Amino acid sequence: VGRPPAGDDVVGLGLLHSHHYDTIPKRKYCLVQFGCVPFAQRPWIALLEQGVEFQHEIINLKDKPDDFLELYRQASGGSGRGLVPLLQHGNNLVIESTVVTDYIAQNIVPIDQKKASLWPSTDKEKQLVDSFLSLWEDVTDAYYTVLTATSESSVQQRLPHFWSQLERINDFMSQQEEEEDQTTVNGPFVLGPNFSVAECISAPWVQRMFITLPYFRGIAFDKHVQQNFCRVHEWMQAVRARPSCVASQCPSEEMVAACLRYYVSYVSPTATETLPL
């Protein structure tokens with residue numbers, strides 16, 4: 001029960017091709033990932049937000065290029081596992097999805113210098129993002145317990161906890177808007193109008209919830225969230241519509257394949273088992 005296998009354990013889901021670094025012209029930034037890993041999507045979103053050109057390597061984790069493994073050993077201080085994502089920025093090598101995303105937000109300047117920073121601009125904003133992400137981790141953990149349920153009675157036992165975690169997020173975001181001294185309001189995101197690392201890190205799971213919960217559990221997720229968690233629904237809709245999230249989204253059929261391969265063994269009788277057009 002819990003999160004799906006990350007990085008090294010996620011293989012065989014399509015979108016694969018293996019590159020060697022000496023065969024492609026180098027760009028200043030190179031992101032190495034596997035096609036349908038939500039963790040690896042986080043820095044991809046961040047790079048798209050910054051608007052910089054970057055070399056995008058999608059590798060087969062069953063047949064990892066030797067040059068990638070060598071870069072990973074350098075970045076990790078000796079480990080040869082070769083997990084994704086890996087970011088190469090000049091002589092800097094960065095691994096671990098949250099660390100890579102934070103690095104991009106803090107060290108790669110967006111092409112449009114008028115664009116708001118992905119990184120919080122004040123201590124208060126940083127605290128807000130950290131608090132949100134702590135709550136969001138509880139949401140994703142509860143989401144996976146619903147998907148890994150092995151009977152309908154188990155699904156129904158676990159759903160209330162999932163909804164309660166979304167309610168906590170909704171209450172948290174609503175409270176921020178109600179505070180008189182809150183400066184980052186009047187926008188749908190965690191930092192009001194500013195899309196930030198909070199969205200880069202959470203967006204892959206927002207996308208998956210809208211696909212997998214109806215498909216495997218027959219849950220009218222969009223309708224339920226809209227009716228019960230208005231602030232979260234506003235946020236989720238804005239995240240799903242963000243161009244960087246749309247461009248980096250894993251195809252729906254790949255999401256379903258990943259679920260069936262790793263953590264869905266039971267399909268609810270009300271499941272739609274249909275993908276959105």
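Buried means under 20% relative accessible area. I wrote that down before opening the structure, which is a predicted model.

**Entry 1: the whole chain**

I began with the overall make-up. The protein chain has 10 helices and 4 strands. I then followed the order along the sequence and got β-α-β-α-β-β-α-α-α-α-α-α-α-α. Next I looked up burial. The chain has 277 residues, and 53% of them count as buried. I also checked how far apart in sequence the contacting residues lie. Taking contacts between residues at least 6 apart, I found that 74% join residues at least 24 apart.

**Entry 2: the cysteines**

How many disulfides does the structure hold? I found 0. A disulfide is a covalent bond between the sulfur atoms of two cysteines. I wanted the reason, so I looked up cysteine 200. Its closest cysteine sulfur is in cysteine 245, 7.2 Å away. The cut-off for a disulfide is 2.5 Å, so this pair is too far for a bond. I repeated the search from cysteine 245, and its closest cysteine sulfur is in cysteine 200, again at 7.2 Å.

Are these cysteines buried or exposed? Cysteine 200 has a relative accessible area of 0%, so I noted it as buried. Cysteine 245 is buried too, with 0% relative accessibility.

**Entry 3: helices H1 and H6**

Cysteine 200 also turned up in a helix contact, on the H6 side. I looked up the pair. Helix H1 spans residues 38-50 and helix H6 spans residues 197-217. They pack at an angle of about 125°, and their axes are 8 Å apart. That angle makes H1 oblique to H6. I recorded the crossing as right-handed.

Which residues make the contact? From H1 I listed Pro38, Phe39, Gln41, Arg42, Ile45 and Ala46. From H6 I listed Cys200, Ile201, Ala203, Pro204, Trp205, Gln207 and Arg208. I sorted them by class and got 9 nonpolar, 2 polar and 2 charged residues.

**Entry 4: serine 97**

I moved on to helix H3, residues 97-107, where serine 97 is found. Serine 97 has 8% relative accessibility, so I put it down as buried. What does it touch, leaving aside neighbours within four places in sequence? I found Phe39, Arg42, Pro43 and Pro85. Phe39 and Arg42 were already in my notes, from the H1 side of the contact with H6.

**Entry 5: proline 85**

The peptide bond from valine 84 to proline 85 is cis, with omega near 10°. I placed proline 85 in the loop between helix H2 (66-76) and strand E3 (86-89).

**Entry 6: two glutamates with positive phi**

I checked glutamate 96 next. Its phi is positive, about 80°, although the residue is not a glycine. Where does glutamate 96 sit? I found it in the loop between strand E4 (92-95) and H3. Glutamate 96 has 44% relative accessibility, so it went down as partly exposed.

Glutamate 273 was another entry on my list. Its phi is near 50°, a positive value in a residue other than glycine. I located glutamate 273 in the segment after helix H10 (252-262). With a relative accessible area of 48%, glutamate 273 is partly exposed.

Definitions and conventions. Residues are numbered from 1 along each chain as its sequence is written. This is a predicted model: local features need pLDDT of at least 70, side-chain atom pairs count only at pLDDT 80 or more; totals for chains, interfaces and linings use all residues. Side-chain values use heavy atoms; hydrogens and water are left out. Buried means under 20% relative accessible area, exposed over 50%, partly exposed in between (1.4 Å probe, protein chains only). Axes are lines fitted to C-alpha atoms, for helices over the stretch in contact, and angles run from 0 to 180 degrees between N-to-C directions. Angles under 35 degrees count as roughly parallel, over 145 as roughly antiparallel, 65 to 115 as roughly perpendicular and the rest as oblique. A crossing is left-handed if the near helix is turned anticlockwise from the far one by less than a right angle, and right-handed if clockwise. Contact means heavy atoms within 4.5 Å. Ala, Val, Leu, Ile, Met, Phe, Trp, Tyr, Cys and Pro count as nonpolar, Asp, Glu, Lys and Arg as charged, and the others, Gly among them, as polar.
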